[in-house]
Amino acid sequence: MFQWLSNWVLDGLKHSPEILLFLSLSLGYLIGGIRMGKFQLGGVAGSLLVAVALSVFGVTIDAGVKSILFALFIYAVGYESGPQFFRSLGVKTLREIFLALFIAVASFVTVVILAKIFNLDKGLAAGLAAGGLTQSAIMGTASDALSQLGLSAEELSKMQANVTIGYAVTYIFGSLGAIIVCVNILPKIMGRDIGDDAIKAQAEQLHGSLLLGNDQNLALSDISGRLYRITNKINQTVSHIEQAVNGISIERIKRGNKIIEATPETVLKSKDIILVVGHRDAMIKAQDLLGSEVNSASGMDVVMNKLDVEMRNSRYVDQNLTQVLQSDEVMKLKHGIYLLAIHRDGQSLPLNNDINLKLGDVITIYGADGDLRRVVDKIGAPITKSEKTDWIFHGLGLVVGLIIGLIVIRVSDIPITLGAGGGALLSGLLFGWYRSVHQTIGNIPTGAVQLLKDFGLAGFVAVVGLSSGLQAINTIKEQGLSLFLIGVVVTLLPMLLAIYFGKYVLGYKNVAVFAGALAGSRSANPAFGEVLNKAGNSTPTNSFAITYALANVFLTLLGPLVVAFV
């Protein structure tokens, strides 16, 4: 009975291997959420470990699934941080260049020294580098370099097989160890918290303004509405009152039981109830002029909306905010409209009089529907919020990225390529930047971006674990633990040295930015995913994107170098 049941289960898993994929995610996130003191494994590392355990079933998932999942993850990462990435390019990126170069050199020296000490052949040493540094491209460049040594067919076959063995044994901890260093060890050495520093870095990017979530609001809102009963015998027009108290607008008037239209020429009378909307400090002044506040009055509710508008009116381009707001045309239009924010290339700008407006600026305004409709066409085009993803735009983005990944440039017969991951990242950065300056196309909800990142990365490492875990386990049984332990050193030592190099030589202060750069310097995508989870925002992405692109080149070059020097 037991044999029949086990055969039935195994047959079912072979026909539906996706069961093991989702089981790896479910159990992995369950295990990853367990906290032991200050240490927490995290969902990505948990998924990897569970997948390795489940690999004993001998069921593999097509490699194409792994490629698709990783492409979705890395494209979403690039898209989310494209605007900030291109703003950050410049002299400041020299730190990332030196960090990526340092890890490549430290890794090379570590692999060569360990190979000499433990008498590893060229194939095992190259596999050790590929797995311990989680840079699969090293396998290709090393195998190609081995074929150039003039070895016999039998010896060459053995060497190339050893590349695969070394890779299989060390790759699992190569991923897991990078997560532990970036998420647990780095913050401890720096004495700082990734989440706290991510918030700090984001606040600096936003010039001190707060970034609120979808369900968050400020307790003290700058714009508010109040009902006043006029007790003073002012007999003045709506326009006169609004000019006397700058920063308010009278939206509705109730006289007796009738609602009266609030035109600029309407004369306010004693006992009128008026709905006033305006800035908090202006509302305080208005109360002294108008009279007593009223809790409620039927028929006086007005729906107010917030709207993002892309600046397309060239008339206002290169004019400062004061000039625009005081122009005759705007003075006639801006009744009931309040300027809340201006964003350029995804970055919030301080609302001061020195801002010069540019085409593509996103202007956030607040007001009643009628007032908004009156103004929007004069500014540009409204940016509509939608729960649907523009797959015309993002499908093209993924295609472009994957095509870039196919490009191979040979330097002295060494193939240099970004690969599918690097191509998708670069395309995501470009398409994310383009979306930031053309906000009316390329929509994708924030929740959809997060799903692509979470499922893409965790699914990717789960497929790796299911595909390579059994081979790694069997190889460890045959070869003993020595090769695995050597791989642990290759994974940890260069990263630990890089932490002190980054802290004391390169001057990294913000641990969230440093963690992103460290993960990218090692091409450690699972580690980067966990760093993002700890950060809670995209702050680490800029440094990761730079070092990740460099690492794809620097680490790939280690293949022939290891073969040459071991």
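Leaving aside neighbours within four places in sequence, Leu186 is in contact (heavy atoms within 4.5 Å) with Val181, Ile499, Val511, Phe514, Ala515 and Leu518. The structure is a predicted model, in which local features need pLDDT of at least 70 and side-chain atom pairs count only at pLDDT 80 or more, whereas totals for chains, interfaces and linings use all residues. Residues are numbered from 1 along each chain as its sequence is written, and side-chain values use heavy atoms, with hydrogens and water left out.

Leu186, together with Phe460 and Leu518, touches the most other members of the largest nonpolar core, which has 97 residues. Such a core is a set of buried Ala, Val, Leu, Ile, Met, Phe, Trp, Tyr and Cys residues joined through side-chain atoms within 4.5 Å, where buried means under 20% relative accessible area, exposed over 50% and partly exposed in between, with a 1.4 Å probe and protein chains only. The largest share of this core, 11 residues, comes from helix 8 (residues 153-190), helices being DSSP runs of H or I with at least four residues, numbered from the N terminus.

Arg95 is placed in helix 5 (residues 94-117) and counts as partly exposed because its relative accessibility is 28%. Leaving aside neighbours within four places in sequence, Arg95 is in contact with Leu506, Gly507, Tyr508 and Val513. The C-alpha atoms of Arg95 and Val505 are separated by 9.5 Å, although these residues are 410 residues apart along the chain.

Note on methods:
Helix = DSSP H or I, 4+ residues; strand = E, 2+ residues; numbered from the N terminus.
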